[in-house]
Amino acid sequence: MKRFFLFAALVLAPPAAASSPGVVHARTGAALYAANCAKCHGPTGEGLKAPSLRGVGERAADFYLRTGAMPIARPGEQPEPSRVLFSQRELRQLIRFVGSLGKGPPVPKPQPAKGNLAEGMRLFTDHCAGCHQVAAEGGFVTGARVPPLEGVPAVRIAEAVRVGPYLMPMFSPRAISNAQLDSIVRYVLTTGHPDDRGGWGIGELGPVPEGMVTWFIAIVALVATCMAIGKRFGR
Amino acid sequence: MSRFKDTVIAGIVLLLGRGRRTREPRIVPPGRPDRGAENILLVLFACSTICAGGAIAVYALDRIGNQTQYLGLSLGLAFAFLAAAFVVIGKRLVVTEELDEPYPPEGHPGVQAQLDELVEESGERFTRKRLVTMAGAGAIGTLGLALVAPAVSLGPAFDLRSFAQTPWRRGRLLVGEDGLPLKADDIEENDFYGAYAAHADRDQIGSPLVLVRLPVSQLQLPSGREHWAPEGILAYSRICTHAGCAINLYRKPLYPPAEPRPALVCPCHYSTFDPATGGTVLFGPAGRPLPQLPLEIARDGTLRAAGNFSGPVGPSWAGVRDRKASS
């Protein structure tokens, strides 16, 4: 099922997204920023062809850089999670530099262990499932692809909720408190390893694939049973 | 007069000659009637009818617990009794015989007559043919009714007025998902909110709303709606005008100059509505704009309706554009 969606995403993706720009490596955060970010975000983060980075803090920088969503080839393209081309040291330097461009929020520290799984599912259904699906498998919204959340670490999930990347709404601590966020993170982490009571999740996509299993397996078994009965009692 | 006589004579000849048909040799060997098996068959048909009727009753009585399980049980039993009835027919009531050679090809003269005879002779062991036929038809008919009964839930077939009714009128308070009154200050930009009419049935199609706040400078509402969005807070019916799903996606650009404009999106078929221009359709199969609800902010900061929707709420059907939302 995953393969299929990956394939669908590749087919549906505009060709521009496929070309990932290379990055320039450097020793300091300022040099990394000047070489890789300043062209669009401006030399001092004032924003030229892209959003201003003054005051976004380390939170947004951490999210976009550690998911590989930034840098992108040209402004306006959807920043999507992809391979991270910076080294860990470069990431730390660059994130600290972007955080120093203006006073902004730090990297959040979610504590999913403190969250309530049931409440997390309820909140996720209310706020997130419209686009990400209740199983956090991702999907589409007109104008953008919605990434699946499997394997995304807790900190990235918390950051995305607060940052609202690309077309995703932004949820302030008034809309979703930090305690509620812990619950949501716990739920999302659980969707990566659901305990499938039936033994097989069938993509966790709901009744359509489950119905297909009914048709392709149960019906075949039924027909085979009928034929066996016919052979046994035919005479 | 002679014509009348001719007719009478012809009739008598027909009547007497009727029974004197020379009987062809039987195809199916004769069998003895089996009243016991027939009684079992009638009981099985009756049980199937009762179970199918039970399924209709369970479906109609909406409020019983474990309804799904009872529905499955009654329908399953109806089918099981029917299957058992067919087994009884096949094993004990229809004289069976294995043909040595395959059926003669169709269209062969006499084949139809032979088949008719076959069918007639096979049913010879039934002593109460009409009763059995009626019981069988009753069982199958009730089962068919049980299967089509849920179609009644698709909606009112004739009286569509309830679709146009909404709980909204001037001064009606908006409450959030938690049932608490919504205040204007609660509505932040970049997020979206669900709301309902206070003290009203949430299941009513006109009740659920979706709220967003946009910068006042971005609003391009149609003329006459200039005051419908105080502080840039917009309220729309949450029910998509295409097929009636809940608007559950809010497309909110992080960087408006380079990204698609804000939109309310229905997850079912991706109908996309523009909240800034009064809910007009940007994309997708929806044929008419999302109905907007005029808002006002009361002195205590709570959000209240300032009237009713701009148009009929809910999914579209023939003639829906001519209707108006009513309280």
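Helix α10 of chain A spans residues 178-192, and its 15 residues reach 22 Å from the first C-alpha to the last. That is close to the 21 Å expected at 1.5 Å a residue, the expected span being 1.5 Å times one less than the number of residues. Helices here are DSSP runs of H or I with at least four residues, strands are runs of E with at least two, and both are numbered from the N terminus. The model is predicted: local features need pLDDT of at least 70, side-chain atom pairs count only at pLDDT 80 or more, and totals for chains, interfaces and linings use all residues. Residues are numbered from 1 along each chain as its sequence is written, while chains are lettered from A and ligands numbered from 1 in the order in which they are written.

Helix α10(A) is mostly covered, with eleven of its 15 residues buried. A residue counts as buried if 20 or more other C-beta atoms lie within 10 Å of its own, as exposed if 12 or fewer do, and as partly exposed in between, with C-beta atoms placed from the backbone. Among the buried residues of α10(A) are Leu181(A), Ile184(A), Val185(A), Val188(A) and Leu189(A), but also Asp182(A) and Arg186(A). The cover over the buried residues of this helix includes α7 (117-127) and α9 of chain A.

Leaving aside residues up to four places away in sequence, Leu149(A) touches His132(A), Ala136(A), Gly138(A), Ile157(A), Val188(A) and Thr191(A); both Val188(A) and Thr191(A) are buried residues of α10(A). Contact means that the C-beta atoms of two residues, placed from the backbone, lie within 7 Å. Leu149(A) is buried because 23 other C-beta atoms lie within 10 Å. Computed along the sequence, Glu137(A) is twelve residues from Leu149(A), yet their C-alpha atoms are 6.4 Å apart in space.Chain A as a whole holds eleven helices and two strands, in the order α-α-α-α-α-α-α-α-β-β-α-α-α from the N terminus on. Buried residues make up 34% of its 235 residues. Of the contacts in chain A with a separation of 6 or more, 68% are between residues 24 or more positions apart.

Chain B, by comparison, has six helices and eleven strands. Its 327 residues are 29% buried, and 61% of its contacts between residues at least 6 apart in sequence join residues at least 24 apart. Helix α3 (residues 67-93) of chain B has 27 residues and reaches 37 Å between its first and last C-alpha, close to the 39 Å expected. Its buried residues include Leu75(B), Ala78(B), Phe81(B), Leu82(B) and Ala85(B). An α-helix has 3.6 residues a turn, so residues three or four places apart point the same way. Helices α2 (35-60) and α5 (129-148) of chain B are among the elements covering the buried residues of α3(B).

The strands of chain B include two open sheets. One has five strands in the order β1-β2-β3-β4-β9, with antiparallel pairing; two strands pair if DSSP finds at least two bridges between them. At the edges stand β1 (174-175) and β9 (292-293) of chain B, each with a single partner strand, so one side of each is left without a neighbour in the sheet. Strand β1(B) pairs with β2 (residues 192-197) of chain B in the antiparallel sense over two bridges, and Leu174(B) stands opposite Ala197(B) in β2(B).

The other open sheet has four strands in the order β5-β6-β7-β8 of chain B, again antiparallel. Its edge strands are β5 and β8 (280-283) of chain B, each pairing on one side only. The twist averages 35° from one strand to the next, taken between axes that are lines fitted to C-alpha atoms (for helices over the stretch in contact), with angles running from 0 to 180 degrees between N-to-C directions. Three bridges join β5(B) to β6(B), and Leu249(B) has Val265(B) in β6(B) as its bridge partner. Three bridges also join β7 (residues 272-274) of chain B to β8(B), where Phe273(B) stands opposite Val281(B). These two strands, β7(B) and β8(B), form a hairpin with five residues between them, and Gly278(B) in the turn has a positive phi of about 85°.

Finally, the contact between the chains takes 22 residues from chain B and 21 residues from chain A. On the side of chain B that touches chain A, the elements giving two or more residues are β5 (249-251) and β6 (263-265) of chain B. The largest share of that side, three residues, comes from β5(B). The residues on this side of chain B divide into 13 nonpolar, three polar and six charged. Here Ala, Val, Leu, Ile, Met, Phe, Trp, Tyr, Cys and Pro count as nonpolar, Asp, Glu, Lys and Arg as charged, and the others, Gly among them, as polar.
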